[in-house]
Amino acid sequence: MKVTVFGIGYVGLVQATIFAELGHEVVCVDVDEAKISNLKQGIIPIYEPGLTPLVEKNYAAGRLLFTTDAQEGVEHGKVQFIAVGTPPDEDGSADLKYVLAVAKTIATYMKEPRIVVDKSTVPVGTADRVSHQLQTTLDERGSDLTFDVVSNPEFLKEGSAIEDCMKPDRIVIGTDNPDVEEVMHELYDPFSRSRNRMIVMDVRSAELTKYAANCMLATKISFMNELANLSEKLGADIEKVRVGIGSDSRIGYSFIYPGAGYGGSCFPKDVQALVRTAHGVDYQPRLLEAVEAINYSQKTKIFSNLQKHFGADLTGKTIAVWGLSFKPNTDDMREATSRVLMEALWEAGAKVQAFDPEAMNEAQRLYGNRNDLLLAGTKEAALQGADALAICTEWKEFYAPDFEVIKESLTSAAIFDGRNLYDPIRMKEQGIAYYGIGRGESV
Ligand code: NAD
């Protein structure tokens, strides 16, 4: 099938590549000229495990094309995916300007009927707005061409996006047109050959399903963080509580890890957006508001533990920070806990020596001009001469460090672990002051 994808970011590039891998002919359109020119030269703009060889292979096979020419994209695909960003507006609601701009572009250039598929995460009612934009632009052209708008939210996780797209848990399709449903089957059936992975529903339910999924996951995290904070006050260890509750099959072990808050391009903005959507229909989403508030304060937890240890004044301190991406296996630093920590440290007059296995270029792009940030080449180099170590991301290579090297390198043997990677008892035996999340005061 001929497919066009608008917006070649984390979602668009992965999904386009996977479609091409299964034999579809895919044209990728982005407004970012540098990104498109790099992709044509085999330079992949993001770190995502397994992505580079798949892009190279499908580009070489001619099934994956990159362009900034929107007209070429609109003329190519019977199915037109919108996978552009939907960042938070000033009030936290999803900003739809990029989505509506693509809708306008499609209606401007289409010469045959098109199926417009919304893959970006968008509030309930957006398909109606996209339809309105398409119709208005077609009317302005005096065209009587027809179109369908489908909701097809994306559930991939950065860090395992290829696997998630190749073997999806579910493919949610929002449409009330059986013909469009058939086309979606043709497109997606190679991913779920028994057909039972596709869940078809009305458009509004599909739009809400995406927010419901992300808000449920964010709720699990904030719930565990609330319990972690309580554990500290009560002298309990949240890691033991986690194992204790996860063993109940109704609860399960997944996504109940306490930590220094969730970040990324999705959970924070999607919780906020659903809160704003609820306010818009005169409903107060008390649980979601609490999820957001807990996460906001949880992201300051490492900083307040540093103040607990060193005193309120951190002027002149140097803190080694391990892990800058919002989670492992990605270079994405959007809304990352590391950013909240580093910005608070700079504000307090402290310096940062940071290391991340994949996000150093992104850190350079974001903060490269600061003289109170040293971007270190290795995790050991980040420690040299620092006063303490703070861990923001649970990269595998941080799980079993040489604690002797840590002690020798730091002026004060103290670890502020935002991801509970180490055993507090072992830390005590090592003579290291250890501040985890929900594991009591420093031991
Ligand atoms: P991104 O910021 O990585 O990429 C968006 C791309 O769209 C950019 O390359 C930008 O240049 C391009 N763009 C903007 N306007 C355009 C236009 N008019 N025409 C063509 N391209 C245009 O975003 P992302 O992380 O891939 O997210 C995209 C959407 O998918 C968002 O709604 C997001 O919430 C949702 N989503 C993201 C993830 C994730 O893990 N990143 C997972 C599921 C859903």
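Guide: Ala, Val, Leu, Ile, Met, Phe, Trp, Tyr, Cys and Pro count as nonpolar, Asp, Glu, Lys and Arg as charged, and the others, Gly among them, as polar. On that basis the shell around the ligand has 13 nonpolar, eight polar and five charged residues. The model is predicted, so local features need pLDDT of at least 70 and side-chain atom pairs pLDDT 80 or more, while totals for chains, interfaces and linings use all residues. Residues are numbered from 1 along each chain as its sequence is written.

Visitor: Which residues of the shell are closest to the ligand?

Guide: Gly7, Gly9, Val11, Ser120 and Thr121 are the closest of the 26 residues that surround the ligand; a residue is near a molecule if its C-beta atom, placed from the backbone, lies within 6 Å of it. Helix H1 (10-21) and helix H5 (97-109) each supply at least two residues of this shell; helices (H or I, at least four residues) and strands (E, at least two) are DSSP runs, numbered from the N terminus.

Visitor: Why is Asp282 called exposed?

Guide: A residue is exposed if 12 or fewer other C-beta atoms, placed from the backbone, lie within 10 Å of its own, buried if 20 or more do, and partly exposed in between. Asp282 has 6 such neighbours inside 10 Å and therefore counts as exposed. Asp282 lies in the loop between helix H11 and helix H12 (286-298), and its phi is near 65 degrees, a positive value in a residue other than glycine.

Visitor: What makes Phe255 partly exposed?

Guide: Phe255 has 15 other C-beta atoms within 10 Å and is therefore partly exposed. Phe255 also has a positive phi, of about 60 degrees, although it is not a glycine. Most residues other than glycine have a negative phi.

Visitor: How do you know that strand E1 pairs with strand E4?

Guide: Two strands pair if DSSP finds at least two bridges between them. Four bridges join E1 (residues 2-6) to E4, and the two run parallel. Val3 stands opposite Val79 in E4. E4 and strand E5 (residues 114-118) likewise pair in the parallel sense over four bridges, with Gln80 opposite Val116.

Visitor: What makes both faces of E4 (residues 79-82) covered?

Guide: Val79 and Phe81 on one side and Gln80 and Ile82 on the other are all buried. In a regular strand the side chains alternate between the two faces of the sheet.

Visitor: Why are strands E11 (373-375) and E14 (433-435) said to stand at the edges?

Guide: The open sheet has six strands in the order E11-E10-E9-E12-E13-E14, with parallel pairing. E11 and E14 each have a single partner strand, so one side of each is left without a neighbour in the sheet.
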